[in-house]
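Here are a few notes to read alongside the model.

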Amino acid sequence: MFCWQARPSCVLVTLTKMNDVIDFEIIDERGPQSYRATFDMTAEELGREEVVGLGTVAIEANVQAGDLEDEYVAEGIVTFTADLTCSRCADPYPFANPSAFHVRFRPRPEASVENEEVEITDEGELDVEFYSERLIPLRELALEQVLLSIPMKPLCDEACLGLCPTCRVNRTREKCSCEETVFDERWGALKGLREELEKKKNV
Ligand SMILES: [Zn+2]
Ligand SMILES: [Zn+2]
């Protein structure tokens, strides 16, 4: 059921390796920089149990200085394929969703005693990330974007009927008899109600 494309050759990995860290010093010196890299990641690295397999992750990013001091803006796209488990029927299904991203890196404010955690309350500040090091591994950025683009509740299909709560049969593929029983019971209850009403009417 799981069929993976051949992993990229070692040659390709070596070539992209040279360019797999965003260095803010270089952006200060030479202006905006473009990056492109591919990474092999495992489903385990993502730490999401809905992800059962992950193909090669490709990232393209343009990074330039932002409006604020020491702010850098990264824009780009992450492309990957994955096998996710449907949250309704538990079947694995292929997922591919190239996701565009926009991240603003700002220096991590120094935590004072009374304010240990920096809260981001402003809307529109959701794409801000704080950095301590002026080197951002592209791999980390890619991993983060993959995580963000995987749905919280993955569905093999919007119309997935899920599993029968009684016999656990996949109701999209198979029709079980439990459904009919439930239907019969409901119908029976309705019939009983109608009989009651009839009786009352006749009293
Ligand atoms: Zn499903
Ligand atoms: Zn059933």
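1. Let's begin with A61: beyond its neighbours within four places in sequence, A61 is in contact with Y35, A74, E75, G76, L138 and L141 (contact: C-beta atoms, placed from the backbone, within 7 Å). This is a predicted model, where local features need pLDDT of at least 70 and side-chain atom pairs count only at pLDDT 80 or more, while totals for chains, interfaces and linings use all residues. Residues are numbered from 1 along each chain as its sequence is written, and chains are lettered from A and ligands numbered from 1 in the order in which they are written.

2. A61 also belongs to the largest nonpolar core, which has 24 residues; V57, I59, A61, A74, L138, L141 and A142 touch the most other members. Such a core is a set of buried Ala, Val, Leu, Ile, Met, Phe, Trp, Tyr and Cys residues joined through C-beta atoms within 7 Å. At least two of its residues come from each of β2 (33-39), β3 (51-54), β4 (57-65), β5 (72-79), β6 (81-85) and α4.

3. Now for α4 itself. L138, L141, A142, Q145 and V146 are buried there (20 or more other C-beta atoms within 10 Å; exposed is 12 or fewer, partly exposed in between). They share one side of α4, because their arc around the axis is only 135°. E140 and L148, on the other side, are exposed.

4. Finally, D127 sits in the loop between β8 (99-107) and β9 (128-131). D127 is partly exposed, with 13 other C-beta atoms within 10 Å. Although 23 residues separate D127 and R104 in sequence, their C-alpha atoms are 5.9 Å apart.

How values were computed:
Helices (H or I, at least four residues) and strands (E, at least two) are DSSP runs, numbered from the N terminus. The arc is that of the directions from the helix axis to the C-beta atoms. Two residues are in contact if their C-beta atoms, placed from the backbone, lie within 7 Å.
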